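This report describes a protein model for a reader who is new to structures. Please look at the sequence and the model before reading on.

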There are 2 protein chains.
Amino acid sequence: MVKIFDRERIFRLLTYKGILLKFKSLGFIRVFSDNIAEALDISSSLVRKDFGIFGISGSQKGGYHIDRILEKINEILGTGDLQKVIIIGVGRIGEALIRYKGFENDGIKIVAGFETDHRKINPQAEIPIYPVEELRDYVRKNSIKIAIMAVPEMVSQHTYELLREAGIKGILNFTPTSIKSSEGIVVNHVNIEHELANLIYFVNLENRKDEDTISNNQ
Amino acid sequence: MVKIFDRERIFRLLTYKGILLKFKSLGFIRVFSDNIAEALDISSSLVRKDFGIFGISGSQKGGYHIDRILEKINEILGTGDLQKVIIIGVGRIGEALIRYKGFENDGIKIVAGFETDHRKINPQAEIPIYPVEELRDYVRKNSIKIAIMAVPEMVSQHTYELLREAGIKGILNFTPTSIKSSEGIVVNHVNIEHELANLIYFVNLENRKDEDTISNNQ
């Protein structure tokens with residue numbers, strides 16, 4: 001049976017992968033949980049606990065083999081093959097993502113964009129932009145499973161339906177709307193307003209805690 | 001004393017706020033938990049539970065007064081005043097965020113950008129871009145508490161130190177590096193690679209569950 005890890009642990013796993021690739025590029029062959037913990041500013045007991053849960057083993061004396069951890073991480077993540085991702089909606093955010101070069105470390109490649117605005121169509125570009133009418137054929141021919149959605153809010157539900165009908169199984173939604181989703185399709189949200197508002201809440205909370213402390217001391 | 005809510009609940013609170021503003025713009029004065037639940041594709045018992053925890057009360061017969069919920073939400077979020085936010089690093093992502101118009105619904109305004117690349121400096125723009133040397137003075141004069149960090153990975157720790165010294169209290173970090181942060185400053189991360197890799201993990205998991213089911217049935 002497949003073990004299921006929660007979002008937070010998967011995010012930490014991805015962070016471990018990133019730092020291990022960096023250690024490796026510096027010539028390291030083995031690492032200790034303390035190395036990882038210090039680089040990531042977390043406790044080494046958390047690293048050891050995570051590794052235990054992920055089934056990654058090392059010895060106290062010799063530490064962990066970087067290559068073996070990386071293999072195990074890739075096995076858990078089900079990566080290995082390059083994951084092809086499309087973007088639907090090539091506005092400011094979509095364009096910034098299309099031009100972003102940092103994904104390939106994580107085995108991810110943006111392969112095409114889709115747009116309704118015909119001035120943005122450019123099938124000859126390094127990462128081609130096609131009219132949205134070609135979405136379905138493209139997804140099927142290229143076995144695409146993952147899409148980034150960066151369309152205007154008012155067309156987000158309609159775009160979701162298009163993606164679902166084309167056979168997309170996972171959507172990263174940058175549109176600030178919740179979507180009525182169906183079974184068999186995973187929708188995750190990146191909502192930058194909410195990230196900011198959440199940050200402001202926690203910063204204000206710190207201030208209010210300070211005020212509480214001051215009034216308690218008086 | 002100040003009640004502290006976790007990240008997930010604050011995100012839901014922000015989602016409630018968004019949908020309530022939409023209901024209000026449609027002319028609604030009251031809503032029922034079922035209205036909210038259906039619009040957001042969640043259970044109405046979760047809505048009622050959240051409202052209970054947030055101290056929002058309504059009657060089963062008359063539902064909730066939208067304005068009263070919104071007041072309560074703003075009180076919890078500690079918003080009300082417009083929150084001024086700066087961006088450090090005006091590359092593709094930074095630029096997309098500067099030009100994005102959607103923040104003001106959440107009481108957030110991007111007021112300035114800061115850059116080291118002098119070709120990008122433009123103090124006359126609608127949202128001015130200043131050289132990074134002016135960061136400290138600007139933050140102090142304008143009592144800025146929140147910054148978005150969208151700089152290249154290799155300068156992220158240095159940029160963090162600059163922001164901290166200038167008096168910034170909360171950072172939304174778009175750089176795919178973890179930062180060694182200090183007390184009294186909140187750092188949240190938006191890591192789009194990790195969001196994608198996490199989505200791919202869950203989509204693969206669905207496939208593997210299907211395979212398991214198939215092999216179990218054989």
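## A residue with positive phi

Asp41(A) has a relative accessibility of 41% and so counts as partly exposed, a class that runs between buried (under 20% relative accessible area) and exposed (over 50%), with a 1.4 Å probe and protein chains only. Asp41(A) sits in the loop that links α2 (33–40) to α3 (44–54) in chain A. Helices (H or I, at least four residues) and strands (E, at least two) are DSSP runs, numbered from the N terminus. The phi angle of Asp41(A) is positive, near 60°, in a residue other than glycine.

In chain B, Asp41(B) is placed in the loop between α2 (33–40) and α3 (44–54). Its phi is also positive, about 60°, although Asp41(B) is not a glycine. Asp41(B) has a relative accessible area of 40% and is partly exposed.

## How to read the values

This is a predicted model, in which local features need pLDDT of at least 70 and side-chain atom pairs count only at pLDDT 80 or more, while totals for chains, interfaces and linings use all residues. Residues are numbered from 1 along each chain as its sequence is written, chains are lettered from A and ligands numbered from 1 in the order in which they are written, and side-chain values use heavy atoms, with hydrogens and water left out.

## Chain A as a whole

The secondary structure of chain A consists of eight helices and eight strands. Its radius of gyration is 21 Å, well over the 17 Å that the globule rule gives for 218 residues, so chain A is more spread out than a compact globule. This radius is taken over C-alpha atoms, and the rule is 2.2 Å times the number of residues to the power 0.38. The C-alpha trace of chain A spans about 60 × 55 × 35 Å along its principal axes.

Of the 218 residues in chain A, 48% count as buried. Among contacts in chain A with a separation of 6 or more, 55% are between residues 24 or more positions apart; contact means heavy atoms within 4.5 Å. Chain A exposes about 11,400 Å², and carbon and sulfur atoms supply 49% of that area. Accessible areas come from the Shrake-Rupley method with a 1.4 Å probe, and for residues only the protein chains shown count as cover.

Chain A carries 29 positive and 29 negative side chains, and the centres of the two sets lie 6 Å apart. Lys and Arg count as positive and Asp and Glu as negative, while His and the chain ends are not counted. Each charge is placed at NZ of Lys, CZ of Arg, CG of Asp or CD of Glu.

## How the two chains are related

Two copies of a chain are related by a rotation about an axis and a shift along it. Which rotation superposes chain A on chain B? The rotation is 180°, with 0.0 Å of shift along its axis and an RMSD of 0.0 Å. That is the relation of a two-fold axis. The same surface serves both copies, since 100% of the contact residues of chain A recur in chain B. The superposition is by least squares on the C-alpha atoms of residues with pLDDT of at least 70 in both copies.

## Residues of chain B that touch chain A

Lys22(B) belongs to helix α1 (residues 7–25) of chain B and is partly exposed, at 35% relative accessible area. Neighbours within four places in sequence aside, Lys22(B) contacts Glu153(A) and Thr177(A). Leu40(B), in helix α2 of chain B, is buried at 9% relative accessibility. Leaving aside neighbours within four places in sequence, the contacts of Leu40(B) include Ser178(A) and Tyr16(B).

Gln83(B) is part of strand β3 (residues 83–88) of chain B. Is Gln83(B) buried or exposed? With a relative accessible area of 14%, Gln83(B) is buried. Not counting residues up to four places away in sequence, Gln83(B) touches residues of both chains, among them Ile200(A), Asn204(A) and Gly107(B).

## Around strand β4 of chain B

Gly107(B) lies in the loop between α5 (92–99) and β4 of chain B. Gly107(B) and Lys84(B) are 23 residues apart in sequence, and their C-alpha atoms are 8.8 Å apart.

Val111(B) is in strand β4 (residues 108–115) of chain B and is buried, with a relative accessible area of 15%. Its contacts, leaving aside neighbours within four places in sequence, include Val85(B), Ile127(B) and Tyr138(B).
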